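Here is a set of questions and answers for working through a protein structure step by step. Please keep the sequence and the 3D view open while you read.

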Amino acid sequence: MATPISCPAFRRAALALALVAGGMPALAQETGGESANQIAASQAVGEAVLIPNRVIYPGEAIELAALKQVTLVPGKHKPDGMATRSEELQGKVAKRTLLPGRYIPVAAIRDAWLVEQGASVQVYFTAGALTISAAGVTLQPGAAGDQIKIRNVDSGKIISGTVMADGTVRVGAS
């Protein structure tokens, strides 16, 4: 005859198992190969989300081929702060390892760098009709809108500027 497990021991074992499992699995059903109408009908039943179908490593660009669409079980909603739509994921880069079958936290992805560290860039300062340009070398990588440090090639001074969508850097008066 088996001896009953004490309640505190069972709770400790369950907690240890939960900590070892880690992450938050997406409780879902696969929807592979369905038409748009079938997916739309299934969204009424459960929310359709994208999760990795393989390990995505830090620094790797997220491609739609590395993701699979699943439908959450009815009544289950994705947690806040998770990226689950193609618009949120396409072209982004993983900041940390993304595991298959798990949600992708928004904090675990970033925009692809427009300028790499050590790249030559054009630096612009504009005030009214006056525009001054100079050559610079980036001291850190950056995406559009990021504030980065640049070394002016002519003077050697280190300045801060904002990466623009065209890959140039705009600086302001300080």
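Q: Which residue has the backbone nitrogen that the side chain of Asn152 reaches at 3.3 Å?
A: This is a predicted model, and in it Asn152 belongs to strand 10, which covers residues 147–152. A polar contact needs a pair of N or O atoms within 3.5 Å, and the side chain of Asn152 comes to 3.3 Å from a backbone nitrogen. The residue that carries this nitrogen is Ser155.

Q: Is Asn152 buried or exposed?
A: Leaving aside neighbours within four places in sequence, Asn152 is in contact with Ala134, Ala135 and Lys157. The relative accessible area of Asn152 is 17%, and the word for a residue under 20% is buried. Asn152 is therefore buried.

Q: How many salt bridges does the structure hold?
A: One of them joins the side chains of Arg54 and Glu60, with N to O at 2.7 Å. Another is formed by Arg85 with Glu87, where the closest N and O atoms are 3.0 Å apart, and Asp111 forms one with Lys92. The number of salt bridges in the structure is three.

Q: What is the relative accessible area of Arg54, which meets Glu60 in a salt bridge?
A: Glu60, at 22% relative accessibility, counts as partly exposed. Arg54 is also described as partly exposed, a term for values between the limits of 20% and 50%. The relative accessible area of Arg54 is 33%.

Q: How far apart are the closest N and O atoms in the salt bridge of Asp111 with Lys92?
A: A salt bridge requires a side-chain nitrogen of Lys or Arg within 4 Å of a carboxyl oxygen of Asp or Glu. Asp111 is partly exposed at 38% relative accessibility, and Lys92 is partly exposed with a relative accessible area of 21%. The closest N and O atoms of this pair are separated by 2.4 Å.

Q: How many residues apart in sequence are the parts that Asp111 and Lys92 tie together?
A: Asp111 sits in the loop between strand 7 (109–110) and strand 8 (120–127). Lys92 is placed in the loop between helix 3 (86–89) and strand 5 (93–94). The pair therefore ties together parts whose separation in sequence is 19 residues.

Q: Which residue has the ring whose face Arg110 lies over?
A: For a charge to sit over a ring, CZ of Arg has to be within 6 Å of the ring centre and within 35 degrees of the ring normal. Arg110 lies at 4.0 Å from the ring centre, and the ring belongs to Trp113.

Q: What is the C-alpha to C-alpha distance between Thr84 and Tyr103?
A: Thr84 is found in the loop between strand 4 (82–83) and helix 3, and it is buried, with a relative accessible area of 4%. Not counting residues up to four places away in sequence, Thr84 touches Val49, Leu50, Lys78, Leu89 and Tyr103. Although Thr84 and Tyr103 are 19 residues apart in sequence, their C-alpha atoms are separated in space by 7.2 Å.

Q: How far apart in space are Met82 and Tyr103, C-alpha to C-alpha?
A: Met82 lies in strand 4 and is buried, with a relative accessible area of 16%. Beyond four places in sequence, the residues that Met82 touches are Glu88, Tyr103, Ile104, Pro105 and Val106. Met82 and Tyr103 are 21 residues apart in sequence, and their distance in space is 6.3 Å.

Note on methods: Residues numbered from 1 in each chain as written. Predicted model: local features only at pLDDT ≥ 70, side-chain atom pairs only at ≥ 80, totals over all residues. Heavy atoms only, no water. Helix = DSSP H or I, 4+ residues; strand = E, 2+ residues; numbered from the N terminus. Buried < 20%, exposed > 50% of the residue type's maximum accessible area, 1.4 Å probe, protein only. Polar contact = N/O pair within 3.5 Å; in protein donor to acceptor, adjacent residues only side chain to side chain. Contact = heavy atoms within 4.5 Å.
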